[in-house]
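Work through these exercises with the sequence and the 3D view open. Try each task before you read its solution.

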Amino acid sequence: IGYSEPVQAVSGTNRLNYTISGGITVSNAVFAGDAQTVRLTTSPMEIGTSYTLTVNHVQDSAAVPNTIAANTQTNFTPEVFGVYREVFAGIGGSTIPDLTNHMDFPANPAIAYLAADYFEAPANWDDNYGTRMRGMLIPPVSGNYTFWIASDDQSVLYLSSNENPANKTPIASVASYTGFREWSNANNATTQKSASIALVAGRRYYLEALQKEGSGGDSLSVRWQLPSGSIEEPLPATRLVPVGMIRPTIAAPPANLTVIEGENAVFVLQVVNHDVLGYQWQRN
């Protein structure tokens with residue numbers, strides 16, 4: 001919970017001052033780094049479900065403290081961080097077209113799971129398969145970023161200009177195999193590293209990697225350099241929200257409207273989902 005000003009420890013970290021809808025219980029409340037941020041420990045919540053947090057009795061740290069308005073509320077949707085990995089098995093060849101031209105791609109992966117540690121697939125894992133890994137990248141600060149990809153065999157890394165996958169473009173690639181986490185391979189020296197790319201803090205950018213393994217060794221890893229010059233190797237999964245794992249769910253449907261004929265009717269709905277969505281309206 002982020003407050004607009006510092007709050008008192010005695011009230012701000014009192015778990016009894018916080019309630020969450022849906023029968024969720026709050027077992028602990030502590031400051032998280034400063035007196036304007038409180039971290040709650042709760043019973044399990046459903047990813048993609050909308051909840052309401054209600055706050056009472058919390059006071060700021062002024063000499064004459066002010067108390068938050070009774071039953072102050074905010075809505076939130078729990079998110080999971082990580083990269084969604086899909087594996088397409090039983091596909092021969094070692095090139096990306098071998099994967100993308102196969103009938104199982106992209107709708108029928110043999111295995112799919114959340115990679116919660118890094119934007120990386122396991123090394124020396126199997127033969128004759130393809131991988132797709134994707135998520136919404138959330139930069140921590142605004143500035144110029146650089147990306148690398150390493151793989152066995154071919155791979156390509158795509159980045160969108162926003163959260164829409166349709167706007168993705170290739171930014172780095174591997175044409176022939178590299179070693180595990182080998183970021184500067186002589187045969188791929190001009191393609192493994194991306195150009196400098198300007199990103200805005202807090203915005204979401206669709207990031208996707210494809211990899212095709214034939215036989216022998218296999219791996220896929222992505223790293224990046226932050227505007228500060230520091231390198232995160234591989235790219236931590238905590239920098240991303242997975243794409244494709246959660247089905248779209250309408251959390252708040254549009255309300256009925258009565259308007260004069262010929263005037264505009266504006267319908268609003270709330271959808272819980274990480275992916276970019278399209279909407280279709282149907283009369284009757």
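**Exercise 1. A salt bridge and its setting**

Which residue forms a salt bridge with Lys168? Keep in mind that this is a predicted model.

Solution. 
- Step 1: Find the partner. Lys168 forms a salt bridge with Glu208. The closest N and O atoms are 3.0 Å apart.
- Step 2: Apply the cut-off. A salt bridge needs a Lys or Arg side-chain nitrogen within 4 Å of an Asp or Glu carboxyl oxygen.
- Step 3: Lys168 is in strand S12, and Glu208 is in strand S14 (residues 205-213). They are 40 residues apart, and the pair links distant parts of the chain.
- Step 4: Buried means under 20% relative accessible area, and exposed means over 50%. Lys168 has 31% relative accessibility, so Lys168 counts as partly exposed. Glu208 has 3%, so Glu208 counts as buried.

**Exercise 2. Another pair, read the same way**

Where do Arg181 and Glu120 lie in the chain?

Solution. 
- Step 1: Confirm the contact. The side chains of Arg181 and Glu120 meet in a salt bridge, at 2.8 Å from N to O.
- Step 2: Arg181 sits in the loop between strand S12 (168-174) and S13, while Glu120 belongs to strand S8 (residues 120-121). The two are 61 residues apart.
- Step 3: Arg181 is partly exposed because its relative accessible area is 31%. Glu120 counts as buried because its relative accessibility is 12%.

**Exercise 3. A salt-bridge network**

Which residues are linked with Glu86 in a network of salt bridges?

Solution. 
- Step 1: Start from one pair. Glu86 forms a salt bridge with Arg134, and the closest N and O atoms are 3.1 Å apart.
- Step 2: Glu86 is in strand S6 (residues 83-89), and Arg134 is in strand S9 (residues 129-137). The separation is 48 residues.
- Step 3: Glu86 and Arg134 are both buried.
- Step 4: Arg132 and Arg134 are linked with Glu86 in the network.
- Step 5: Take the total. The count for the model comes to six salt bridges.

**Exercise 4. Strand S10**

Solution. 
- Step 1: Count buried residues. Eight of the 10 residues of S10 are buried, so the strand is largely enclosed by the rest of the structure.
- Step 2: Find one partner. Three bridges join S10 to strand S13 (residues 197-199), and the two run antiparallel. Asn144 stands opposite Ala198 in S13.
- Step 3: Find another partner. Seven bridges join S10 to strand S15 (residues 219-225), again antiparallel. Ala150 has Ser221 in S15 as its bridge partner.

**Exercise 5. A three-stranded sheet**

In what order do the strands S1, S4 and S5 form their open sheet?

Solution. 
- Step 1: Read the order. The open sheet runs S1-S4-S5, with antiparallel pairing.
- Step 2: Identify the edges. S1 and strand S5 (72-76) each have a single partner strand, so one side of each is left without a neighbour in the sheet.
- Step 3: Neighbouring strands are turned by 20 degrees against each other on average, direction ignored.
- Step 4: Inspect one pairing. Five bridges join strand S4 (residues 51-55) to S5. Val55 has Thr72 in S5 as its bridge partner.

**Exercise 6. A loop residue**

Is Ile24 buried or exposed?

Solution. 
- Step 1: Locate Ile24. Its place is the loop between strand S1 (18-20) and strand S2 (26-31).
- Step 2: Compare with the cut-off. Ile24 has 10% relative accessibility, so Ile24 counts as buried.
- Step 3: List its contacts. Leaving out residues up to four places away in sequence, Ile24 touches Thr42, Ser43, Pro44, Met45 and Tyr51.

**Exercise 7. Surface and whole chain**

Which residues make the nonpolar surface patch of about 540 Å²?

Solution. 
- Step 1: Name them. The patch is made by Leu257, Val259, Phe267, Tyr279 and Trp281. Tyr279 lies in the segment after strand S19 (270-272).
- Step 2: Step back. The chain has two helices and 19 strands. Of its 284 residues, 37% count as buried.

Terms used. Residues numbered from 1 in each chain as written. Predicted model: local features only at pLDDT ≥ 70, side-chain atom pairs only at ≥ 80, totals over all residues. Heavy atoms only, no water. Patch = residues over 30% accessible without salt bridge, like charges linked within 9 Å, V, L, I, M, F, W, Y side chains within 5 Å. Areas by Shrake-Rupley, 256 points an atom, 1.4 Å probe, with all protein chains shown as cover. Helix = DSSP H or I, 4+ residues; strand = E, 2+ residues; numbered from the N terminus. Buried < 20%, exposed > 50% of the residue type's maximum accessible area, 1.4 Å probe, protein only. Contact = heavy atoms within 4.5 Å. Pairing = 2+ DSSP bridges. Axes fitted to C-alpha atoms, helices over the stretch in contact; angles between N-to-C directions.
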